[in-house]
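Subject: Structure handover and notes

Hello,

I am passing the structure on to you, and my notes come after it. Please read the two side by side.

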Amino acid sequence: MALAQQSSPHARHARPTSRVMLWVILAALPGLLMQTLFFGWGNLINVLWCMLVALGAEAAMLALRKKPLAFFLKDNTAAVTGLLLGLSLPQFVPFWVSAIAVLSAIVMAKQLYGGLGSNPFNPAMVGYALVLISFPVAMTTNWAEAGMLWQSAPGFSETLSIIASGQQTAVDAYTMATPLDEYKHKIASHTATEVLQHPTFGAGVARGWEWVNAAFLLGGVVLLALKIITWHIPVSMLAGIALMSLAFGSNPDQHAPLSLHLLAGGTMLGAFFIATDPVSAGTSHQGKLIYGAGIGVLVYVIRAWGNYPDAVAFSVLLMNFAVPFIDHYTPPRTFGHHKARRGLPGRTQG
Amino acid sequence: MTQLWDFAGGIHPAENKHQSTTRAIRNAPMPERLILPLQQHIGVPAEAIVEPGQHVLKGEKIADVVDGMGVPVHAPTSGTVENIARLPVPHPSGMEDWCVILIPDGDDRWGERTPTPDYRNHERAAVLDAIRNAGISGMGGAGFPTDIKLRPPKDRKVSTLILNGAECEPYITADDMSMRERADEIVDGLKIMAWLLRPERCVVAIEDNKPEAVAAMVKATDGTQIEVAVIPTKYPSGGEKQLIHVLTGMEVPSGGIPADIGVMCQNVGTAIAVGRAILRGEPLISRVVTITGEAVAEPGNLDSLIGTPVTDLLAAATLQEPRLHRLVLGGPMMGYTLNTAEVPVVKTSNCVIAASAQELPDPAPEQACIRCGMCAEACPMELLPQQLFWYSKAGEFEKAEHLNLFDCIECGACSYVCPSSIPLVQYYRFAKGEIRVQQAEQLKADRARERFEARQARLDREQQEKELRRQERAKAAAEAQARKQAEAEQAAAETGAQDERAAKAALVQEALARKKAKTTEAAAEAPDKAELEKQLAQAKSKLETMQSMLEDARAQQADNVEKLERAVAKNHDRVTRAEKALADANAAASSATQSTD
């Protein structure tokens, strides 16, 4: 009899990466549903298009790198990158802008660094930041006006043709400045009460956006409950935004209020789905807290004093830079040791 | 209710214990032959003290450690020693080692036994010796000699004695069934160990998935000072460091032993063995082994003689060979695979899993680490397994060591949860091995360097001393000459001009004498020319040999190049000198001839 020779442990009970990623996709669906309900078909079309491009780009790169296609494609990580971009990009962004975002995410940020697990930067955010800098008009003027799906135009086919044609003029009738953008530009010359008259804010915090953010929060809680993510990054990121807002932006006549920071823009999607990408995030619990808090602080700083209305992509990328440094200085204390061994070997002792 | 602490991480693997707890402990059938490895413990291997063909009685010592740490091996039954040979022994590498092969005679006749039920009236040292002579080493895993463990250093008072009945590994039920059926024997052994150590607290720790064992132990310890602590089921709660933390809230310091914080853990099987050794005078010749897995039809626990081949135990549990895919000795988390069932049960063997392919399937291909951190959540030592993996794989061992690689207990929790099915523990074992090799090499290199530097220092010192002596001699010579000159001058001044003529005459005489002497010398030296030529030829041939040796040494980069270089130089000098001498001799001879002409 040929007995199998294996190294321990012999028992395994892992949730494979592909299933982890599938859960991430499922947990994002409520958010996509809300986006579709309030902002039309744009996001859904973007998500499908981006996922398609992502899988195609991943397959092409794997083929070029002579890696087995099926083995890597079925880990669902490329699909998640496509999904995150589709959820983040403006609803009416031309198809080629989103394609460039996805291609740079998969080809440059992921595969050229060595594929899954080797990328120092969040691929989706690399793609997003690249198109935001390269195509600022397309990325700021294509946000859909909030309105219930069944009441408002355009319909599915019209949305599809707007995205496919990339005609800027065709879309102007359906777009509107995002709440964060509107507030930022008007508050310099208006009072808060006057600014909030704009229809983009609606009756609540930010029309439509509040529901989208609530849905991503719900999805995030599901991921927490499934132990796919830990609380450290989302909580510290939201706390970072909140503390900065309370410290520097308590006057609504000068800065956007905290409620707007949390419930408008990409805050919840960023906190639960983007910043939590484990490959490019901090490692230890303490490292995750610093990483998340850093993103939160940067999000606020860029939104309040920078040129961009939203800032999740830049903040995540900036903190990605800091991860190796954070990791060296935040190892946990090992059982049986007095304190953690921080720093590099030979430099500090613990 | 005992206060309990929680340890970080841990996992809840499928227990798979019920399969082997439905049947009571059975006696394994007497095998046709017993294979008794000489090393079943940590320390020096025992040496056989029997000869092939010798008849031994049950419990008779057949091997012992004469010098160094270790325990003896006893005959598990009466019979004849067939041979002493190298055979496969239970080891992850599948290696062979020296074993005594015993053919049972079927009588199972005991040799002499000396029970000491009144051990309390004896010296503790004598009782410890009796434990050693009974061949008892830890039966939980490592096999550390129990008598040595029970003699902690004088400055390490054991205040808490823990009997580890956690048995947290899936499948294994040997301790569970022993506690259910042999609780009184366990308590007897524990009492002996408590008498030896005099701890303030004595706890039996059992996971809460073994209610029957808990009930039996509570009953057996009734009326004693021994506590029974029921701890939450979580792997690896039975790990020594984890169990100590659960029961005391204390952490065994990194690199230390439990005695450093006044704690000692003992295994259930060891307690039984100690009790039998002291109360009945019976050495350790059998143990309870769990035989389980989907490839055996009648899983259960077998009281097996040490040395029983695993094949016999599998047969006793009705092995269904076509289903057998993987044979694991130990548990599914930390056990190792066997490549043959011919290996015997030893003192540390607690479980054999005959697993089917569905039960313990071959691992999925390794995927990329996505740094999800599930391993860090599972790690009971609070390490960063993904960083350790990264550094181990990249060969950055210094960084892995810095992140406390050597605190890893190899429990396998990280590999168990890894979504990318990375064999993390295997990477850590590899890194640890590489680091140990590097350390050994470093030590060797350091020693070589030290030796080289010492030699260099000695040579320098000798050179300096030589130089110093030379200078001293030169100085002394200069002084002597100066003195002589001064004396001569003085003498010349004293004798005055009147002696000048006499002196001149003497000088002329002297010169004449020298000239005469030289001529005779040259004439006398001339016949030695042949001798000088011989010397030169010898010196030349020696030089050639030396040069060829040096070239060889250079080509091989041997470390005697330097020495050979010096030897060549020396021989070269010798040749030059010989040549010069010969030339001188020739010149002298010709001048002598001329002068005689």
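The notes below go through the chain contact, the helix packing, the strands and a few single residues.

Please keep in mind that this is a predicted model.

Contact between the chains

Chain B puts 54 residues in contact with 34 residues of chain A. On the chain B side, the elements that give two or more residues are the strands β15 (326-329) and β16 (336-337) and the helices α10 (385-394), α11 (397-402), α12 (413-417) and α13 (424-495). By residue class, this side of chain B has 28 nonpolar, 16 polar and 10 charged residues.

One of those elements, α10(B), is mostly covered, with 7 of its 10 residues buried. The buried residues of α10(B) are Pro385(B), Gln386(B), Gln387(B), Leu388(B), Phe389(B), Tyr391(B) and Ser392(B).

Helix packing

Two packed helices are described by the angle between their axes and the distance between the axes. I have one pair from each chain.

In chain A, helix α5 (residues 95-110) and helix α6 (residues 123-134) cross at roughly 135°, and their axes come within 7 Å. Angles over 145 degrees would count as roughly antiparallel, and α5(A) and α6(A) are therefore oblique to each other. Their crossing is right-handed. The α5(A) side of the contact consists of Val97(A), Ile100(A), Ala101(A), Val102(A), Ser104(A), Ala105(A), Ile106(A), Met108(A), Ala109(A) and Lys110(A), which meet Pro123(A), Ala124(A), Val126(A), Gly127(A), Tyr128(A), Leu130(A) and Val131(A) of α6(A). Taken by class, the residues of this contact are 14 nonpolar, 2 polar and 1 charged.

In chain B, helix α4 (residues 183-197) packs against helix α5 (residues 211-220) at an angle of about 55°, and the axes are 9 Å apart. α4(B) and α5(B) are therefore also oblique to each other, and the crossing is right-handed. From α4(B), Ala183(B), Asp184(B) and Val187(B) take part; from α5(B), the residues they meet are Ala216(B), Met217(B), Lys219(B) and Ala220(B). The contact of α4(B) with α5(B) has 5 nonpolar residues, no polar ones and 2 charged.

Strands of chain B

An open sheet of 4 strands runs in the order β2-β8-β7-β4 in chain B, with antiparallel pairing. β2 (34-37) and β4 (55-56) are at the edges and have a single partner strand each, so one side of each has no neighbour in the sheet. The partner of β2(B) is β8(B) (residues 96-104), and 4 bridges join these antiparallel strands. Within that pair, Leu36(B) is opposite Val100(B).

Strand β13(B) (residues 286-292) is elsewhere in the chain numbering. Of its 7 residues, 7 are buried, so β13(B) is largely enclosed by the rest of the structure. Both of its faces are covered: Ser286(B), Val288(B), Thr290(B) and Thr292(B) are buried on one side, and Arg287(B), Val289(B) and Ile291(B) on the other.

β13(B) pairs with β14(B) (residues 300-305) through 6 bridges, running antiparallel, and with β17(B) (residues 351-355) through 3 bridges, running parallel. In β17(B), Cys351(B) is the bridge partner of Thr290(B).

Single residues in chain A

Trp143(A) is in the loop between α7 (136-140) and α8 (156-165). It has 24 C-beta neighbours inside 10 Å and therefore counts as buried, the cut-off being 20 or more. Leaving out residues up to four places away in sequence, Trp143(A) touches Pro90(A), Gln91(A), Thr175(A), Met176(A) and Thr178(A). Its C-alpha atom is 9.5 Å from that of Asp172(A), which is 29 residues away along the chain.

Pro16(A) is in the segment before α1 (17-39). Here the count is 17 C-beta neighbours inside 10 Å, so Pro16(A) is classed as partly exposed. Pro16(A) and Asp75(A) are 59 residues apart in sequence, with a C-alpha to C-alpha distance of 8.3 Å.

Regards

Terms used:
Residues are numbered from 1 along each chain as its sequence is written. Chains are lettered from A and ligands numbered from 1 in the order in which they are written. This is a predicted model: local features need pLDDT of at least 70, side-chain atom pairs count only at pLDDT 80 or more; totals for chains, interfaces and linings use all residues. Axes are lines fitted to C-alpha atoms, for helices over the stretch in contact, and angles run from 0 to 180 degrees between N-to-C directions. Angles under 35 degrees count as roughly parallel, over 145 as roughly antiparallel, 65 to 115 as roughly perpendicular and the rest as oblique. A crossing is left-handed if the near helix is turned anticlockwise from the far one by less than a right angle, and right-handed if clockwise. Two residues are in contact if their C-beta atoms, placed from the backbone, lie within 7 Å. Ala, Val, Leu, Ile, Met, Phe, Trp, Tyr, Cys and Pro count as nonpolar, Asp, Glu, Lys and Arg as charged, and the others, Gly among them, as polar. Two strands pair if DSSP finds at least two bridges between them. A residue is buried if 20 or more other C-beta atoms lie within 10 Å of its own, exposed if 12 or fewer, and partly exposed in between; C-beta atoms are placed from the backbone.
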